[in-house]
Amino acid sequence: MKPLGKTQQGFLSHMLYHNNQWYDGCGWLWNTPSGTRKIAESLEKRGLLTASVEYDPTYGDRKIYRLIHT
């Protein structure tokens with residue numbers, strides 16, 4: 001497997017300062033929402049993040065990415 005890129009490493013570092021999670025609309029982005037989502041998806045595929053769809057009474061269903069602590 002390829003090593004993590006600088007953007008992926010930076011994204012993981014930022015997650016540590018933001019409650020170990022990211023979802024659309026949470027208040028921080030890595031460039032754009034779609035760009036941030038692509039980074040999160042790549043890290044999920046590597047097994048570094050989990051993703052779950054959770055219901056929010058205000059916004060409905062939203063996919064939340066969470067950091068896996070090893």
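Biologist: Which residues make up the largest nonpolar core?

Modeller: This is a predicted model: local features need pLDDT of at least 70, side-chain atom pairs count only at pLDDT 80 or more, and totals for chains, interfaces and linings use all residues. Numbering runs from 1 along each chain as its sequence is written, and side-chain values use heavy atoms, with hydrogens and water left out. A nonpolar core joins buried Ala, Val, Leu, Ile, Met, Phe, Trp, Tyr and Cys residues through side-chain atoms within 4.5 Å, where buried means under 20% relative accessible area and exposed over 50% (1.4 Å probe, protein chains only). The largest one has eleven residues: Phe11, Leu12, Met15, Trp22, Trp28, Ile39, Ala40, Leu43, Leu49, Tyr65 and Leu67.

Biologist: Which elements give two or more residues to this core?

Modeller: Elements here are DSSP runs numbered from the N terminus: helices (H or I, at least four residues) and strands (E, at least two). Those giving two or more residues are helix 1, helix 2 and strand 3.

Biologist: Within what arc do the buried residues of helix 2 fall?

Modeller: In helix 2 (residues 33-45), Thr36, Ile39, Ala40 and Leu43 are buried. Looking down the axis and taking directions from it to the C-beta atoms, these buried residues line one face of the helix, because they fall within an arc of 95 degrees.

Biologist: Which exposed residues sit on the face turned away?

Modeller: The buried side is covered by elements including helix 1 (6-17) and strand 3 (60-67). The face turned away from that side carries Lys38 and Lys45.

Biologist: How far from Arg62 is the nearest side chain of opposite charge?

Modeller: Arg62, in strand 3, is buried yet has no salt bridge, meaning a side-chain nitrogen of Lys or Arg within 4 Å of a carboxyl oxygen of Asp or Glu. The nearest oppositely charged side chain is Asp56, at 4.3 Å.

Conventions. The expected span of a helix is 1.5 Å times one less than its number of residues. Contact means heavy atoms within 4.5 Å. Lys and Arg count as positive and Asp and Glu as negative; His and the chain ends are not counted.
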